[in-house]
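Dear colleague,

Please find below the structure for your review. My notes on selected parts of it follow directly after.

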Amino acid sequence: MKQVLDKIAEYRREFEEELKKVDAFKSFEDLRVKYLGRKGGILKSLLDLLKTVDKKDRPVLGQEINRFKIFVEQALKDLEESLSRKKAELEEKKRFFDISLPGFPLLEGGKHPLTITRRLIEDIFIAMGYDVASGPEVESDWYNFEALGIPKTHPARDTQDTFYISDDVVLRTHTSNVQIHVMKTRKPPFKVIMPGRVYRKDADITHSPMFHQIEGLVVGENVTFQDLKGTLEIFLKRLFGKNARLRLRPSFFPFTEPSAEVDVSCIMCGGEGCRVCKGSGWLEILGAGMVDPVVFENVGYDPEKVSGFAFGLGVERIAMLKFGISDIRLFFDNDIRFLRQFG
Ligand code: FA5
């Protein structure tokens, strides 16, 4: 009795294995005959075997064999149905396959113009030995304003200009917050740029509530304003071509002293005066200055020992100039007709 039961179990295992391998009607039919064939089928041989065993064992074994038979029949029926379905689908496909139809075009993605611009700028600074760092977009009041010497009364802190998450937490309004993170974790000397997204309540054709900046920071011994000017001159010539000229105008930022607005000679008219530069021949592209000693004190540096410069530029503004784009919103509309013109 045990021998027969083991045999049934073995056949069942074998059958399940073979079932998995069936992929066409031919092998399906072979399998059916092998198990259910009237002459020499495995089930037939099991029934023959039943006649030879002890009479008292026959009912139990008979039941077991019957159960196996039902299992095989059901499995084969399911398989036959699925093979028929597959065959019908294939025939349907064949019938509708029109060889003269053009193929499906493969849609290839491209780089966003802001990514192209950011990488262009990063590569220029990396070639000058700068590291690239990043920092949080959701920032505490201290990192975004206080540590940078921006007083409580400064208009930039107004809810009209800044997105507040809570009283002390803001969406950063510039990448200058990363200056503080970098200085608190590194020892001078270092040269670092910090690209990232920033947020302001500001929206028209040249201002967006979310835009990108790249901050630069160099700290060491005897870093001078001349180093700042030379660095920016190399940067602008590499970015806009060797004829690009630089102009510094006195300005004010709470975290740099002295501070400057940096202009580049208009890349559309070469400085003659046109619609883009509003006749002035110059385009304002970034803010810069020497790091204020107060900022060094806030991060635990000795302003008697180190000096440094910082700058911050708007990536959209540079991309608009480089690619001749007149409306900043085009960058964020996700219109494929616009985006596919770049790369
Ligand atoms: C700043 O944000 C300073 N943190 C820059 C700085 C860094 C000065 C380090 C000194 C030292 P400002 O607010 O001017 O400065 O912004 C810098 C640039 O961001 C602008 O020149 C402009 O190109 C860009 N920008 C400002 N607001 C928007 C806006 N809403 N949409 C798009 N670009 C903007």
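**Findings**

Helix H5, which spans residues 113-127, contains Glu 122. Please note that the model is a predicted one. The relative accessible area of Glu 122 is 11%; this residue counts as buried because the cut-off is under 20%. Leaving aside residues up to four places away in sequence, Glu 122 is in contact with Ile 193 and Pro 195.

Helix H2 covers residues 25-36, twelve in number. From its first C-alpha to its last, H2 reaches 16 Å, close to the 16 Å expected at 1.5 Å a residue. Phe 28, Leu 31 and Tyr 35 are buried in H2. Viewed down the axis of H2, its buried residues lie within an arc of 65 degrees, and therefore line one face of the helix.

I turn next to strand E9 and its partners. Of the ten residues of E9 (residues 282-291), eight are buried, so the strand is largely enclosed by the rest of the structure. Strand E8 (residues 256-265) pairs with E9 in the antiparallel sense over eight bridges, and Ser 265 is found opposite Trp 282 of E9. E9 also pairs with strand E10 (residues 307-314), again in the antiparallel sense, over five bridges. Gly 287 has Gly 312 in E10 as its bridge partner.

With kind regards

Conventions. Residues are numbered from 1 along each chain as its sequence is written. This is a predicted model: local features need pLDDT of at least 70, side-chain atom pairs count only at pLDDT 80 or more; totals for chains, interfaces and linings use all residues. Side-chain values use heavy atoms; hydrogens and water are left out. Buried means under 20% relative accessible area, exposed over 50%, partly exposed in between (1.4 Å probe, protein chains only). Helices (H or I, at least four residues) and strands (E, at least two) are DSSP runs, numbered from the N terminus. Two strands pair if DSSP finds at least two bridges between them. Contact means heavy atoms within 4.5 Å. The expected span of a helix is 1.5 Å times one less than its number of residues. The arc is that of the directions from the helix axis to the C-beta atoms.
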